[in-house]
Amino acid sequence: MAPSGQVTALVMAASRRGPKDSVAALCGVSHKCLAPIAGRVMIERVVETLIASQRVGRVFVSIEDGALLRGVPALARLMDQGRLVAATSRGNLADSVLAGVEAIEAAGADAFPLLITTGDNALHTPAVVRDFADALLASERDITVGVAPEAAVARDHPGAPIAYHRFRDISVSGCNLYGLRTERALKAVRVFEGGGQFGKRHKRILDAFGVMPFILYKTRWATAQGLFDRIGRNLGPTLEPTYLDYGFAPIDVDNPASYNLSAEVLAARADAAPPAAADQSIDPPAGLASA
């Protein structure tokens with residue numbers, strides 16, 4: 001059971017392309033989330049950031065094989081302590097989330113409220129997670145989605161290659177942070193059967209959310225909350241955006257360019273931090289390099 005004021009976290013870390021992923025190939029590893037970045041393994045950064053937020057009780061990682069996590073010494077220790085649990089992924093994102101919920105319940109943890117993120121958010125900080133988790137815990141909606149305003153990105157990282165969702169009242173970019181407050185939220189999970197990226201795939205948006213939300217989205221007639229309300233009426237669960245004032249939060253590691261940008265930001269953070277607070281380097285985990 002998670003203590004009051006905490007959530008359970010599910011990290012989506014399975015690899016669709018394995019060692020052929022551009023970041024995995026750049027770093028010579030079998031999975032993108034196992035790539036070393038600024039002296040640490042990327043999935044290690046994600047997990048330890050969640051724990052350091054003090055809002056996450058237990059962390060479950062959806063991945064093909066838990067042995068991949070055990071190859072990272074810091075994660076192996078967390079697994080031995082029961083703080084970290086591997087959940088076997090399935091063929092698509094929706095089934096993997098549902099399998100993750102099953103694994104959480106089987107481990108005796110609270111499946112809700114559930115914070116879902118991905119294994120390539122190397123720049124997320126405990127403050128980002130804390131703010132999002134607090135919003136999830138305070139929400140009365142079934143689902144909350146973490147987004148950063150375009151103004152925050154322009155302020156902190158002008159020129160960053162970020163895609164935006166533009167509404168009548170605001171432009172935002174997704175931060176790979178999703179909160180499921182109730183079991184009812186699972187009704188919306190099937191939206192992600194083909195993956196989490198909608199972008200310019202108009203047919204996917206149309207099929208997932210319906211005709212009117214698609215029109216409102218493309219014409220920017222609706223406010224952000226107005227569109228979320230319309231989508232909720234179509235899907236069943238209620239939704240709301242959570243605005244996160246962190247310009248780096250939407251930057252994940254999708255390709256070599258975003259990998260290099262993230263590495264630069266992490267190096268700058270380490271240089272600015274007091275010596276005791278700076279990231280500690282670790283030896284490369286054994287057995288993670290691709291054949």
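**From labels to values**

Me: Where is A35 found?
Reply: A35 is in the loop between α1 (22-27) and β2 (36-37). Keep in mind that this is a predicted model.

Me: Why does A35 count as buried?
Reply: Buried means under 20% relative accessible area. A35 has 0% relative accessibility, so A35 counts as buried.

Me: What surrounds A35? Which residues does A35 touch, not counting those up to four places away in sequence?
Reply: With those left out, A35 touches V23, C27, V29, R40, V41 and M42. A24 lies 11 residues from A35 along the chain, and their C-alpha atoms are separated by 6.2 Å.

Me: Why is strand β4 described as largely enclosed?
Reply: Strand β4 covers residues 56-63, eight in number, and seven of them are buried, so the rest of the structure largely encloses the strand.

Me: What makes β4 and strand β1 a pair?
Reply: Pairing takes at least two bridges. Strand β1 (residues 7-12) and β4 are joined by five, so they qualify, and they run parallel. M12 stands opposite S62 in β4.

Me: How do you know that β4 also pairs with strand β5?
Reply: The bridge count again. β4 and β5 (residues 84-88) share five bridges, in the parallel sense. V59 has L84 in β5 as its bridge partner.

Me: What does V59 touch, not counting residues up to four places away in sequence?
Reply: With those residues set aside, V59 touches A9, V11, V47, L50, I51, R83, L84 and V85. V59 also belongs to the largest nonpolar core, which has 53 residues. I43, V47, L50, V59 and V61 touch the most other members there.

Me: Which helix gives this core its largest share?
Reply: Helix α2 (residues 42-52), with six residues. Apart from this core lies another, of 29 residues, including L10, F167, V172 and A185.

Me: Why might such residues gather?
Reply: In soluble globular proteins, nonpolar side chains tend to be buried together.

Me: How many aromatic pairs does a search of the whole structure find?
Reply: One. Y246 and F248 form it, and the pair is tilted.

Me: How do you know whether Y246 and F248 are buried or exposed?
Reply: Y246 has a relative accessible area of 18%, so Y246 is buried. F248 has 14% relative accessibility, so F248 counts as buried.

Me: What puts the charged end of R269 over the ring of F248?
Reply: The charged end sits 4.6 Å from the ring centre. The distance limit is within 6 Å.

Me: And the whole chain? How many helices and strands are there?
Reply: The chain has 11 helices and 10 strands. Of its 291 residues, 51% are buried.

Methods
Residues are numbered from 1 along each chain as its sequence is written. This is a predicted model: local features need pLDDT of at least 70, side-chain atom pairs count only at pLDDT 80 or more; totals for chains, interfaces and linings use all residues. Side-chain values use heavy atoms; hydrogens and water are left out. A nonpolar core is a set of buried Ala, Val, Leu, Ile, Met, Phe, Trp, Tyr and Cys residues joined through side-chain atoms within 4.5 Å. Buried means under 20% relative accessible area, exposed over 50%, partly exposed in between (1.4 Å probe, protein chains only). Helices (H or I, at least four residues) and strands (E, at least two) are DSSP runs, numbered from the N terminus. Contact means heavy atoms within 4.5 Å. Rings of Phe, Tyr and Trp (its six-membered ring) pair if their centres lie within 6.5 Å; planes under 30 degrees apart count as stacked, over 60 as edge-to-face and the rest as tilted. A charge sits over a ring if NZ of Lys or CZ of Arg is within 6 Å of the ring centre and within 35 degrees of the ring normal.
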